[in-house]
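Hi everyone, thanks for coming.

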Amino acid sequence: LLLGIHSLGLTGARYHDVIFVWDAFVKNVSNQAIPDVHTIGILEQAVLMFKVTVSHGAKKHQLSFGESTCPTSEELSSKIEAVTGVPFSQQKLIHKGKQLSICDRELSELGVSSGSKIMLLGRQYNPQNDEIIQKINKVKSDAEQIKAKMTDLDGQLQGIKNGYMPDDLKAEALSKIHKTVHRLC
């Protein structure tokens, strides 16, 4: 069976992971003389998955990638964005004290192996911090204030029109309303 595992082409740390998982598995099913094909398939799948632990603040996220493939740092970054909410452009990934470059190179080329721990620095997207969103909200607030003032002026005009103001004060009131409208526009 170990020759079969060796034939998978695993080397280094991943080969040792297989042996470690196999030893633990054998101890748990020692009453089974020869493992069946299903059991070996589960073992292969567990070991061939590329897994990393990403720490972000006080939270830890276990990320797994497809069988027998080593993800690129871009794929890792995309998965991190989906799990943590930290945008791709705001991520800083640290592995063994060094910043990982986010590119289309496989993680193994960057020194990251299955089981590695990666620290994420970066903030989740917060629209309140986005300068354009802040400007939009300011314009919206100003427009609502203008609308409220215009509604008040409309009420004053309706009062004048309906005769609720003495004739000798109407000219002065209309002049003030006119100046206010020009100030708002």
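One term before we start: when I say contact, I mean heavy atoms within 4.5 Å. Please also keep in mind that this is a predicted model.

Let's begin with the overall layout. The chain has six helices and five strands, and from the N terminus on they follow the order α-α-α-β-β-α-β-β-β-α-α. Of its 185 residues, 25% are buried. If we take the contacts with a separation of 6 or more, 52% of them link residues 24 or more positions apart.

Now, which residues touch the most other members of the largest nonpolar core? They are Val 52, Leu 76 and Ile 118, in a core of 16 residues. Two or more residues each come from strand E1 (49–56), strand E2 (59–67), helix H4 (73–84) and strand E5 (116–121). E1 is the biggest contributor, with three residues.

Let's look at Leu 76 itself. Setting aside neighbours within four places in sequence, Leu 76 is in contact with Val 52, Leu 63, Phe 65, Leu 93, Leu 107 and Ile 118.

My last stop is Pro 87, which sits in the loop between H4 and strand E3 (92–95). Is Pro 87 buried or exposed? Its relative accessibility is 14%, so Pro 87 counts as buried, the cut-off being under 20%. Not counting residues up to four places away in sequence, Pro 87 touches Glu 81, Arg 123, Gln 124 and Tyr 125. Take Arg 123: that residue is 36 residues from Pro 87 along the chain, yet their C-alpha atoms are separated by 7.9 Å.

That's my tour, and I'm happy to take questions!

How values were computed. Residues are numbered from 1 along each chain as its sequence is written. This is a predicted model: local features need pLDDT of at least 70, side-chain atom pairs count only at pLDDT 80 or more; totals for chains, interfaces and linings use all residues. Side-chain values use heavy atoms; hydrogens and water are left out. A nonpolar core is a set of buried Ala, Val, Leu, Ile, Met, Phe, Trp, Tyr and Cys residues joined through side-chain atoms within 4.5 Å. Buried means under 20% relative accessible area, exposed over 50%, partly exposed in between (1.4 Å probe, protein chains only). Helices (H or I, at least four residues) and strands (E, at least two) are DSSP runs, numbered from the N terminus.
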